[in-house]
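This report describes selected features of the structure shown below. Please keep the sequence and the model at hand while reading.

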Amino acid sequence: MQVLYRNISQLVTCRGGVRRGRAMADAAVVEDGAFVVENGQIVKVGTRRELEQGYRGESYDCGGALVTPGFVDSHTHLVFAGERSEEFLWRLRGDSYLSIMERGGGIVNTVDATRAASEEELFSQAQKHLANMRKMGVTCAEIKTGYGLDTKAELKQISVIRKLQESEKMKIVGTFMGAHALPRGADADEYIDECIRESLPAAAETGVCEFADIFVEKGAFSAGQAERYLGRAKQLGFALKVHADEMTPSGGTRLGIRLGAKSVDHLLKIRDEDIALLGRSDTVATVLPLTAFCLGEEYAPARKLIEGGAAVAAASDFNPGSCCTYSVPLMIALMCIYMKMSVDEALCALTINGAAACGRDKVLGSIECGKRADFVLFDCKKRECLPYYSGLNLVKSVFIGGEKVHG
């Protein structure tokens, strides 16, 4: 059965493929737009006048709403237990993220809680987070492991991700991140050897995670250690992601480009020469504005990345330590107000380019023929309202595969 979605004030399609550089300024908006969905897929896109002419099927009146593709959150850590609100207060007092890591705080505290939690507890909490994300228009989310730091606990997180993939209408993309931090008392080289020998093959065997990721940073892993880890991951069939240049210029971006990583993420301290390399590569530059906001750090240089020709995506980085939020409305406001991105650039970053960072740009991330019918109706008529109503959730309805899942 076909359904015509009509009476749309602005239809933000983001059609035409991944947006690079200045092309991100054009989100391919159709005024007074419409589109047709059949069997969960988009089969026609155009103006209302074009699509209503001769149409005899069922229709859905969008009430003059703004409509965008479903948002893709291409970087989250949402399978975990416990919380670290005390560390948040330490940072407000002036303690740096690195200093907290150096005195035994940070990721390893969440590791303790996650190892102690049952699989059922982790699953239940993750489901709640995904339900809240869906209300803000997220229809695809990437989820990383990395709060196990040993094979048994990492496989427990993978099992939770599998259950979420099987139970959620939202598309869930799994990423193995056994090298998220150094376990207490471990030697970095020896731990990477353990990952190469044991946890990476075990994760690959499950078939749940299609990506492997690593934190390249002072206090975590060096570029040399990351190259060994990612090289083995690539041999095992994983596509690659890299946590790069977040707190120091770590060399993670350059390594990710050289190894053909799908995305390099964070980029707060990226060097100008690495921005130029990104502009000439197929690797997506993923910025995480909510993390910079929560840490009180300077934002990633989005304008330099765009002017340099990079494909820029944006994601939440939701995690219990440095960024305990997944607010899409706040993310849009930060991108437009502080990162000097236009509304169209922000929307491209959260849709088609986010889908590319997850390897899903051929099936998700835009409203065009052949794509899954994931889209969002807003309680406003134009896209400029999204940053204008700063931090407010204007989402009215959310559809996944043509089925209403919220609103």
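## Contacts between two helices

In this predicted model, helices α7 and α8 meet through a defined set of residues. On the side of α7, the contacting residues are A188, D189, I192, D193, C195, I196, L200 and P201. Their partners in α8 are Q225, R228, Y229, R232 and A233.

Helix α7 covers residues 188–206, and helix α8 covers residues 223–235. Their axes lie 10 Å apart and form an angle of about 10°. An angle under 35 degrees counts as roughly parallel, and α7 and α8 are therefore described as roughly parallel to each other.

## Cysteines

The structure contains zero disulfides. C195, one of the α7 residues that meet α8, is in no disulfide, and the nearest cysteine sulfur, that of C209, is 13 Å away. C195 is buried, with a relative accessible area of 1%.

C385 is likewise in no disulfide. Its nearest cysteine sulfur belongs to C380, at 4.5 Å, whereas a disulfide requires sulfur atoms within 2.5 Å. C385 is buried, with a relative accessible area of 12%.

## Aromatic pairs

A pair of aromatic rings is described by the distance of the centres and the angle of the planes. The structure holds 15 aromatic pairs. One of them joins F318 and Y326: the ring centres are 4.7 Å apart and the planes stand at 75°, so the pair is edge-to-face. Both F318 and Y326 are buried.

Another pair is formed by F375 and F399. Here the ring centres are 4.5 Å apart and the planes are at 10°, so the arrangement is stacked. F375 belongs to strand β13 (residues 375–378) and F399 to strand β14 (residues 395–400), so this pair ties together parts that are 24 residues apart in sequence. F375 is buried, with a relative accessible area of 0%; F399 is also buried, with a value of 2%.

Methods
Residues numbered from 1 in each chain as written. Predicted model: local features only at pLDDT ≥ 70, side-chain atom pairs only at ≥ 80, totals over all residues. Heavy atoms only, no water. Phe/Tyr/Trp six-rings, centres within 6.5 Å; stacked < 30°, edge-to-face > 60°. Buried < 20%, exposed > 50% of the residue type's maximum accessible area, 1.4 Å probe, protein only. Helix = DSSP H or I, 4+ residues; strand = E, 2+ residues; numbered from the N terminus. Axes fitted to C-alpha atoms, helices over the stretch in contact; angles between N-to-C directions. Parallel < 35°, antiparallel > 145°, perpendicular 65-115°, else oblique. Contact = heavy atoms within 4.5 Å.
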